Amino acid sequence: IFAMYPFMCLWDVAAWKMVFTAPNASRLWGPELFLIRLAGEAVNNVTPVLDVGGEPLKAALATKRFGVSKIAASASCVLGRTALFLAEVVFILLGLLCSFFFLPLPSPWPWVFLAAAVTFLGLGVAFILFQKKGLVAALLRFVHGFQPKLGLLERFHISSKKIDEEIASFYTREKNRFLWATLLHLAGWGA
């Protein structure tokens, strides 16, 4: 575990760097970014917040250590998680494809696996489309419905609308960087 996890994490760090806009990515330094990602992932692993509890920590540390704006750092965490999810779906699809050819599965299972894979792929595409329309603001409105005094992003003086604009802009102007981030995450899944 200690030998392989850092190797896998290197791919994920490279992918996270790709989802910062080009001017911001040039400020990031590998070893420190690696440690920031490890800290965030440690929080993700010990908090019951859908494996994203450490993302605010990653954004805060990237802002503090590299002088990246809070908006760019927050947007990079959303984009990075999206690329990671899509890479995981592709990885699962590749595994299912191999299972069709190499495993003697009973009749209904290949179709169940295929339906699950198509569902996850559809969710990934829907997630990207929803991000382009304002995911962060919508999620905050939803959370405020349960806990109106939370104001998490407002406490840090971050506009959810600006994060959504940064994400939508990234998908429009930096499509290739997102594709590379997804491929790097796929390499991490492979590792």
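This is a predicted model: local features need pLDDT of at least 70, side-chain atom pairs count only at pLDDT 80 or more; totals for chains, interfaces and linings use all residues.
How much space lies in the second largest pocket? About 250 Å³ of space lies there.

Residues are numbered from 1 along each chain as its sequence is written, and side-chain values use heavy atoms, with hydrogens and water left out.

**Empty space**

Rolling a probe the size of a water molecule over the atoms shows where empty space is left. Here the search uses a 1 Å grid over the protein atoms alone: a cavity is a set of points where a 1.4 Å probe fits but cannot get out, and a pocket is an open set with protein on both sides within 12 Å along at least five of seven lines. Lining residues have an atom within 4 Å of a point. Grid points are joined across faces, edges and corners, and a volume is the space filled by probe spheres set on the points.

The lining of the second largest pocket includes Tyr5, Met8, Cys9, Asp12, Arg37, Arg81, Leu84 and Trp189. Helices H1 (4-18), H3 (30-46), H5 and H10 each supply at least two of its lining residues, and H1 gives the largest share, with 4 residues. (Helices are DSSP runs of H or I with at least four residues, numbered from the N terminus.) By class, this lining has 5 nonpolar, 2 polar and 5 charged residues. Ala, Val, Leu, Ile, Met, Phe, Trp, Tyr, Cys and Pro count as nonpolar, Asp, Glu, Lys and Arg as charged, and the others, Gly among them, as polar.

The structure also holds 1 cavity of 30 Å³ or more. The largest cavity has a volume of about 80 Å³, and among its lining residues are Asp12, Trp16, Arg37, Glu55, Lys58, Arg81, Leu84 and His185. H5 supplies the largest share of this lining, 5 residues. The cavity lining divides into 3 nonpolar, 3 polar and 5 charged residues.

Two packed helices are described by the angle between their axes and the distance between the axes. Axes are lines fitted to C-alpha atoms, for helices over the stretch in contact, and angles run from 0 to 180 degrees between N-to-C directions. Contact means heavy atoms within 4.5 Å.

| Helix pair | Angle | Axes |
|---|---|---|
| H5 (70-102) and H10 (175-190) | roughly 55° | within 8 Å |
| H5 and H6 (108-133) | about 160° | 10 Å apart |
| H4 and H5 | about 140° | 8 Å apart |

Angles under 35 degrees count as roughly parallel, over 145 as roughly antiparallel, 65 to 115 as roughly perpendicular and the rest as oblique. H5 and H10 are therefore oblique to each other. Their contact involves residues including Leu84 of H5 and His185 and Trp189 of H10, and its residues divide into 11 nonpolar, 5 polar and 1 charged.

H5 and H6 are therefore roughly antiparallel, and their crossing is left-handed, meaning that the near helix is turned anticlockwise from the far one by less than a right angle (clockwise would be right-handed). Among the residues that meet are Phe85 and Leu93 in H5 and Phe113 and Phe120 in H6. This contact has 17 nonpolar, 4 polar and no charged residues.

H4 and H5 are therefore oblique to each other, and H4 passes H5 in a right-handed crossing. Glu55 and Lys58 of H4 and Arg81 of H5 are among the residues in contact. The contact of H4 with H5 has 4 nonpolar, 2 polar and 4 charged residues.
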